[in-house]
Amino acid sequence: MPTYNLKVNGKLHTVEVESDTPLLWVLRDHIDLVGTKFGCGIAQCGACTVHIDGVATRSCVTTVSRLQGSEIVTIEGLSENGNHPVQAAWKEIDVPQCGYCQAGQIMTASAFLENNPNPNKSEIRSAMKDNLCRCASYNSIEKAIEVAASKIK
Amino acid sequence: MKKSNQIQFSRRAFIRTSALASGGMLIGFNLFTACKDDVVPPKELIDLSQLNYNDFNAYIKISPEGKVTIFSPNPEIGQGVKTSMPMLVAEELDIPWEDVYVQQAPLDTKNFKRQMAGGSRSISLAWEPLRQTGATAKQMLINAAATKWGVDATDCSAKQGLITNKVSGETLGYGDVVNEAATLEVPEKVTLKDPKDFNIIGQGKNNVDIDEIITGKPLFGLDYKEEGMVYACVLRPPAFGQELESFDDSAARTIEGVIDVVTIGEKVRELLKKEDLHWSVNIGSSDKVVVIANSTWSAFKGKKAIKAIWKNTSPLESSEYHSQELAKVIDSGDFNTLREDGDVKQAFSNADNILERTYESTFLPHNCLEPMNFFANVTDDKIHLVGPIQTPEGSADTVSKLLDRNKEDIYLEMTRMGGGFGRRLYGDFVYEAAEISDAIRKPVKVISSREDDMTTGIYRPPTKYKFSASIKDNKVTGYHLKEACINGNSWPQMSNFFPAGAIENYKYDIAQVNSNITAGAWRAPITNFLASAEQSFFDELAEELKIDRIQLHKDLLQNVKGTTDERIQYSPERLEGVIDLAVDKSNWGKTPEDIYQGFAVYYCHNTHVAEVADIKMENGYPVVKKVTVAVDCGVVVNPLGAQNQVVGGVIDGLGHMMYGELTFKDGVPQSSNFNSYQLIRMNQTPYVDVHFVKSDIAPTGLGEPTLPPVGAAVANAIYAATGQRLYKQPFMKYFKPEALKA
């Protein structure tokens with residue numbers, strides 16, 4: 001079986017997996033980082049979103065063989081103490097209900113704000129439309145992104 | 001005023017205390033029953049598995065440092081009870097919220113009492129006993145301090161974890177007297193706080209798991225791992241009505257990481273002969289092929305590589321067939337009458353006019369974002385089960401029968417759940433995990449793919465309603481509701497919801513259509529569509545009578561006030577209260593020209609709700625801009641959590657009414673993942689404006705009741721905008737297909 005060196009949250013991990021294995025399952029089953037969630041497996045729900053070289057990416061359809069040399073950041077590595085402005089805003093607004101999709105929401109939102117630190121409502125709604133929340137916490141997510149944007153300023 | 005569904009609560013002692021060997025006090029209590037005289041909580045808290053949830057279904061530990069830990073095995077599915085229930089204890093114990101720590105405790109399966117999340121009942125059942133427990137502990141701490149000071153307990157008061165000697169002004173922390181308090185008698189009677197003195201209840205408190213959620217800590221069933229654990233994927237029949245005939249696993253076995261391929265099903269089949277479990281076993285009793293692997297990905301790949309041959313064992317049904325059967329039954333079927341008042345036949349034959357309308361819904365999958373999964377480790381000594389389940393005790397009980405093992409051997413731990421919506425009331429995946437681990441004698445995690453989850457579900461069944469109203473002298477004199485539903489029906493109490501009691505001649509009939517497609521509870525069972533149909537009908541009825549739709553409801557509610565009919569579930573006064581609040585807050589009838597409004601009011605799950613939807617037509621499509629919600633759920637324990645539940649319920653209901661549909665062709669579900677099944681997304685979401693009726697009445701649940709009315713509020717708004725009445729779910733089918741793409 002091939003071996004891959006992955007840089008996840010600043011740390012180097014060597015994993016021995018089949019070349020077609022999605023990053024999602026490498027993270028969850030092999031590196032024990034389970035914050036990145038499985039929802040659909042076909043890049044439709046966003047629960048598995050991570051940052052690859054700063055870009056919000058669906059880890060469920062990103063195979064491990066493409067990731068040598070990439071900087072991968074997961075929810076566990078978004079901030080040192082869970083205090084990234086987006087995480088702080090999520091806490092302030094008390095966004096989660098079941099909480100399962102929220103790591104993916106936070107990863108999408110943080111990458112979005114990186115590129116557009118001062119978004120309007122319609123930009124937020126459009127940027128977040130690919131992340132499903134089955135509990136429908138959408139109003140709170142929208143509000144939390146506005147709060148996060150004001151924290152970043 | 002009539003109180004709906006008053007919770008009966010025994011005042012006999014339900015609390016026992018003991019002194020912990022390590023210092024501090026352990027209070028065991030039972031939320032639902034009195035404790036037996038001879039039971040006491042353990043003296044030492046060595047390990048959570050030693051807490052006995054037979055005699056006590058929750059525990060509170062007060063440490064010598066004054067910190068409070070609440071051990072509760074109550075499952076959390078996102079409805080917030082893990083936050084709101086401890087708030088009740090902390091309020092009466094009178095401690096700073098920051099000093100409270102909540103730990104999800106495992107379930108001891110020895111003759112356990114009811115522990116489940118479902119029916120929005122957790123908070124109403126817990127309201128009185130949890131506060132009594134907190135107040136009792138506080139009184140014991142006060143008594144201990146009074147003894148220390150040599151003063152009367154009435155000369156002491158306690159607040160925010162500090163006891164004050166009112167004579168000398170001295171103070172003691174709870175931790176300073178907790179060892180002494182633990183040895184005292186449990187007081188017979190304690191006084192609960194006046195609601196106006198609440199300082200935790202009614203204050204917004206963050207979800208207690210918030211830090212773990214936002215940093216991605218392991219919390220959910222899918223996150224659970226054990227040393228030596230293997231992964232399993234289950235191949236089930238692709239169509240309802242099929243069973244496994246044979247399979248070839250040679251390709252699967254060559255896949256890297258695949259350890260074994262086994263079949264299961266025999267044990268469930270045997271159990272089905274003895275027990276009525278059909279409702280909790282999805283896709284029948286076929287044998288299933290299980291791929292065991294050392295990673296999830298290998299198990300998924302292995303499952304795809306199995307070549308199976310399936311045989312038809314019962315008719316393969318399609319959606320057209322379901323629709324025809326429902327229509328047949330509604331028009332000619334035999335009905336069971338749940339309630340009949342007066343003489344409906346007479347009222348209809350004397351009528352000047354009769355309004356008759358039918359409404360039809362579709363199958364819906366639950367689509368919990370965390371797919372079904374469970375961990376099992378079956379050994380000769382014990383059965384360890386871990387995962388997300390709304391009915392731990394029932395599932396553990398079934399596993400004991402399935403594997404013919406003693407209940408005492410089973411140790412079930414509940415994890416946080418990535419959504420429930422009714423799906424996790426059914427333990428099919430628990431039985432599968434147990435049967436697999438029993439077969440391979442290894443710790444195993446069974447995981448469904450999204451496709452497995454959506455296509456082998458236990459679905460919300462399609463229902464058809466026919467509403468008829470007789471009108472005489474421009475008054476509603478009779479009302480007849482007929483329900484035809486696949487593998488399910490209204491519960492008897494639903495026939496006592498509005499407009500029962502409000503219309504003299506009233507009849508509620510139900511009939512069932514049988515199908516081999518498994519159907520079951522889905523968030524707000526039955527009412528999730530019944531409310532939409534009924535409140536759309538009332539909108540049309542008001543139009544027929546040329547009466548304002550709000551006024552029609554108010555007139556009918558007048559007839560129920562002061563009723564002596566004990567069966568009536570709702571309060572006309574509380575319904576009127578939410579109507580007035582919704583009308584006021586929504587600027588009903590005073591919106592800009594391009595905004596169209598629709599109204600609906602509904603009582604279910606002990607909670608009264610009115611909703612107004614504001615829509616705008618954009619490029620020929622209805623866009624819901626805002627939904628105003630007025631809720632009477634009694635005391636609002638945690639406004640932050642309550643707001644989340646209300647908003648979530650409304651948007652969930654809206655999304656499913658607009659887009660939700662699972663069709664079948666020859667027994668095969670025609671959607672299998674989120675590319676072929678539309679869930680509502682943020683860019684389609686209205687702003688939900690929530691208003692609670694101020695109340696001192698005991699709280700009722702919020703997980704479900706705001707979902708049912710939204711469909712009608714939206715349908716009625718769409719009618720106001722377009723003149724088009726909507727009789728079928730999903731509503732977007734009435735508009736151009738491009739609208740579905742969004």
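Predicted model: local features only at pLDDT ≥ 70, side-chain atom pairs only at ≥ 80, totals over all residues.
Colleague: How do you know what confidence chain B has on average?

Modeller: The average pLDDT of chain B is 90, and 91% of the residues score at least 70. For the model, ipTM is 0.98 and pTM is 0.91.

Colleague: What makes Val714(B) a member of the largest nonpolar core?

Modeller: A core joins buried residues such as Val through C-beta atoms within 7 Å, and buried means 20 or more other C-beta atoms within 10 Å. Val714(B) belongs to the core of 264 residues, so it meets both conditions. Val714(B) is listed with Leu141(B), Ala232(B), Leu385(B) and Ala434(B) as touching the most other members. Helix H2 (residues 122-149) of chain B supplies the largest share of this core, 10 residues.

Colleague: Which residues is Val714(B) in contact with, beyond its neighbours within four places in sequence?

Modeller: Among them are Gly598(B), Ala613(B), Leu654(B) and Phe731(B).

Colleague: How many residues does each chain bring to the contact?

Modeller: Chain A brings 47 residues and chain B 48. On the side of chain A, H5(A) gives the most, with 5 residues. That side divides into 23 nonpolar, 15 polar and 9 charged residues.

Key
Residues numbered from 1 in each chain as written. Chains lettered and ligands numbered in written order. Contact = placed C-beta atoms within 7 Å. Helix = DSSP H or I, 4+ residues; strand = E, 2+ residues; numbered from the N terminus. Nonpolar A, V, L, I, M, F, W, Y, C, P; charged D, E, K, R; others polar. Buried ≥ 20, exposed ≤ 12 C-beta atoms within 10 Å, placed from the backbone. pLDDT = per-residue confidence, 0-100.
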